[in-house]
Amino acid sequence: MSKFLKFPLKLKFGYSAYYFFWFLHTMKFYFFHLYNRIRLTISGVQTGKHFSTSGIIILDIFPQSRVIIGNRVSIISDSRRATASALAFPARLKTISPTSEIIIGDNVGLNGTSITSRSKKIEIGSGTMIAPNVIIVDSDFHPPWPPENRLHYPGNEYDGEVKIGKNCWIGMNVLNLKGVKIGDNSIIAAGSVVIKDVPSESLAAGVPAKVVKSYK
Ligand SMILES: CC(C)(COP(=O)(O)OP(=O)(O)OC[C@H]1O[C@@H](n2cnc3c(N)ncnc32)[C@H](O)[C@@H]1OP(=O)(O)O)[C@@H](O)C(=O)NCCC(=O)NCCS
């Protein structure tokens with residue numbers, strides 16, 4: 001075997017390989033974080049202290065819409081940094097009109113979370129943990145009826161504010177649809193589709209999500 005092939009094999013079986021790639025990834029994350037910070041600042045997004053990102057966030061902020069990110073918020077947008085599972089998509093923050101709002105409280109963790117506010121406010125309370133691949137929207141984006149209107153009529157009147165309380169835990173692959181409020185300290189089980197309000201201190205699960213346990 002040539003010297004060229006032996007070098008990576010040697011690395012592969014030692015700690016040196018681990019630390020070598022750890023260093024490369026750390027450099028990559030610093031670079032992407034800088035890129036995210038620049039994009040957020042240019043887009044007028046307010047960010048708090050000790051805000052961290054991993055991987056590139058998809059950012060599409062409509063002028064005059066309001067996006068506020070609290071202190072010690074972490075936005076993970078790269079599978080390597082996500083503990084529980086690979087990310088099906090990068091984290092995304094999108095506002096579509098001047099009345100759109102995304103408000104993220106302190107100590108919130110987002111993991112490949114997609115948040116799209118078309119015309120209303122989407123608020124995530126302080127201390128809430130959002131597991132990988134959660135989608136949160138304030139709109140259906142098309143009116144359900146009549147069918148000929150679906151493509152061209154926006155149907156903004158159906159949009160509804162979303163409020164996720166403080167210290168909630170939103171499980172993997174949850175879909176959080178328009179107009180829903182989740183009370184403080186509640187849990188949404190993995191794979192649930194939330195279409196109705198969930199009271200505080202409860203566990204909601206399933207499609208559609210229903211309260212299956214109360215911690216009160
Ligand atoms: C939310 C969760 C932690 C609850 O666990 P738990 O307290 O052990 O809940 P239980 O197993 O006692 O379930 C309570 C009820 O909810 C139901 N349930 C739990 N998870 C469910 C799910 N994902 N979908 C549908 N129903 C579910 C159970 O069937 C049970 O119903 P039953 O009382 O009629 O039998 C767990 O269900 C879950 O979703 N884990 C994934 C968390 C995650 O995404 N982690 C990623 C890292 S942040």
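Helices (H or I, at least four residues) and strands (E, at least two) are taken here as DSSP runs, numbered from the N terminus. The model is a predicted one, in which local features need pLDDT of at least 70 and side-chain atom pairs count only at pLDDT 80 or more, whereas totals for chains, interfaces and linings use all residues. Residue numbers start from 1 along each chain as its sequence is written.

Helix H2 covers residues 15–42, 28 residues in total, and spans 41 Å from its first C-alpha to its last, close to the 40 Å expected at 1.5 Å a residue, where the expected span is 1.5 Å times one less than the number of residues. A residue is called buried if 20 or more other C-beta atoms lie within 10 Å of its own, exposed if 12 or fewer, and partly exposed in between, with C-beta atoms placed from the backbone. Two of the 28 residues of H2 are buried, so the helix lies largely in the open.

Gly-44 sits in the loop between H2 and strand E1 (46–47), and just after H2 this glycine adopts a positive phi of about 80 degrees. Gly-44 is exposed, with 12 other C-beta atoms within 10 Å. Gly-109, by contrast, belongs to strand E8 (residues 109–111) and counts as partly exposed, because it has 19 C-beta neighbours inside 10 Å.

| Pair | Apart in sequence | C-alpha to C-alpha |
|---|---|---|
| Gly-44 and Gln-64 | 20 residues | 8.5 Å |
| Gly-109 and Lys-28 | 81 residues | 20 Å |

Contacts are pairs of residues whose C-beta atoms, placed from the backbone, lie within 7 Å. Leaving aside neighbours within four places in sequence, Gly-109 is in contact with Ser-74, Met-129 and Ile-130.

**Core and ligand shell**

A nonpolar core is a set of buried Ala, Val, Leu, Ile, Met, Phe, Trp, Tyr and Cys residues joined through C-beta atoms within 7 Å. The largest such core has 36 residues, and those with the most contacts inside it are Ile-170, Ile-182, Ile-188 and Val-194. Strands giving two or more residues to this core include E4 (66–69), E12 (135–137) and E17 (187–188). Not counting residues up to four places away in sequence, Ile-170 touches Ile-130, Ala-131, Val-134, Ile-164 and Ile-188.

Around the ligand there are 15 residues, the closest being Ala-84, Ala-131, Gly-171, Ala-189 and Ala-205, where a residue is near a molecule if its C-beta atom, placed from the backbone, lies within 6 Å of it. Strand E19 (202–205) and strand E20 (210–214) each supply at least two residues of this shell.

Notes
Contact = placed C-beta atoms within 7 Å.
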